[in-house]
Amino acid sequence: MIGPGGGAVLFAILFVLAAALLAASFLAGAVLVLVGSLKRDGERVRRVGWIVLGVWLVPASAWGYYWLVATERDRYRTLTKAEVMYGVPLPAGAQVNFRKLARRVQWATLPVPQTIHGVEYTAQVNFCGGHVCRGTLARDQDIEGFPCRAQGEVFFSETTGHIDGCTLARAFVSRGATWPPGTVVRTTFEAEGGYAPPEGAAPVRIGGLLVHSGLIVRFTREGRVGDMYRNPAHHHPDTRLEIGDIVLELQNSVYDVANDGSIHGGVLAGAAVVDGKPMNAGDRVVIPAGGH
């Protein structure tokens with residue numbers, strides 16, 4: 001599977017390979033034309049060379065267009081009146097970064113709130129192709145089922161255009177847990193998805209786990225907790241994790257939940273019995289599935 005940014009790398013490799021093939025095709029056609037011109041009975045060879053060059057012209061033209069698009073420099077405009085640029089409605093006074101050949105807006109800074117594709121934005125909006133991939137919300141809005149907070153950023157998938165996350169405006173039930181307002185949600189692996197409760201929020205219960213606010217929780221594609229890692233945005237992150245009467249402190253930066261459900265990466269916050277064995281505060285432990 002191609003990871004984030006992998007599509008661009010693959011395209012660049014194919015683009016270079018196409019250039020090499022086009023160069024070889026052009027050289028072969030030119031050689032045939034030259035050889036046919038030098039030989040007394042070379043009309044047939046020369047004709048084949050011209051056919052090769054004629055066929056070469058079509059993909060070469062396409063390659064040249066994409067080269068111009070890829071190397072085009074950014075252009076900037078401040079709109080004197082409201083207008084639609086390449087399918088994006090923008091207000092007067094908007095500062096716009098765009099590509100003319102590619103016919104796309106890359107980002108725009110809005111002087112007043114503006115509705116774009118059904119969502120009302122303010123400040124800067126970034127675009128991926130024909131859709132928004134990141135923007136600041138002008139007001140609280142429900143977007144594809146997510147209650148998103150005003151003045152918070154909303155993210156959309158670069159590939160599908162569907163919502164990838166935002167800051168929650170109110171409590172929201174997802175992945176078997178109730179996430180408090182202020183939780184930053186990123187839902188796809190494309191963006192290293194996770195749920196990050198706001199600093200100081202009450203612990204969130206996910207099945208048999210009580211997760212404190214200093215942890216970002218990631219889920220696997222199957223929907224189970226995959227890992228929980230320290231939230232670098234918090235000044236003094238509360239990284240405790242409670243499993244029944246066992247309380248863990250994060251040892252390094254990540255609690256890892258293995259495929260068998262066991263939890264790795266923590267030390268005991270206090271004395272406890274783990275898997276039938278009495279242990280002391282500070283002991284490094286692996287909590288088996290179910291916390292027993």
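Of the 292 residues in the chain, 37% are buried, where buried means under 20% relative accessible area, exposed over 50%, and partly exposed in between (1.4 Å probe, protein chains only). The model is predicted: local features need pLDDT of at least 70 and side-chain atom pairs count only at pLDDT 80 or more, while totals for chains, interfaces and linings use all residues. Residues are numbered from 1 along each chain as its sequence is written, and side-chain values use heavy atoms, with hydrogens and water left out.

The chain holds two helices and 26 strands; helices (H or I, at least four residues) and strands (E, at least two) are DSSP runs, numbered from the N terminus. With a radius of gyration of 28 Å, well over the 19 Å that the globule rule gives for 292 residues, the chain is more spread out than a compact globule. Here the radius is taken over C-alpha atoms, and the rule is 2.2 Å times the number of residues to the power 0.38. The C-alpha trace spans about 100 × 55 × 30 Å along its principal axes. Among contacts in the chain with a separation of 6 or more, 29% are between residues 24 or more positions apart, a contact being heavy atoms within 4.5 Å.

S262 counts as buried because its relative accessibility is 6%. Its side chain makes a polar contact of 2.6 Å with the side chain of D260, and another polar contact, of 3.0 Å, joins the side chains of S262 and H264. A polar contact is a pair of N or O atoms within 3.5 Å; within protein, one must be able to donate a hydrogen and the other to accept it, and residues adjacent in sequence count only if both atoms are side-chain atoms. Leaving aside residues up to four places away in sequence, S262 touches D256, V257, V286, I287, P288 and A289.

Y86 is not a glycine, yet has a positive phi of about 50°; Y86 lies in the loop between β2 (83-85) and β3 (88-90) and, at 27% relative accessibility, counts as partly exposed. D275, also not a glycine, has a positive phi of about 55°. D275 sits in the loop between β24 (272-274) and β25 (277-279) and is exposed, with a relative accessible area of 51%.
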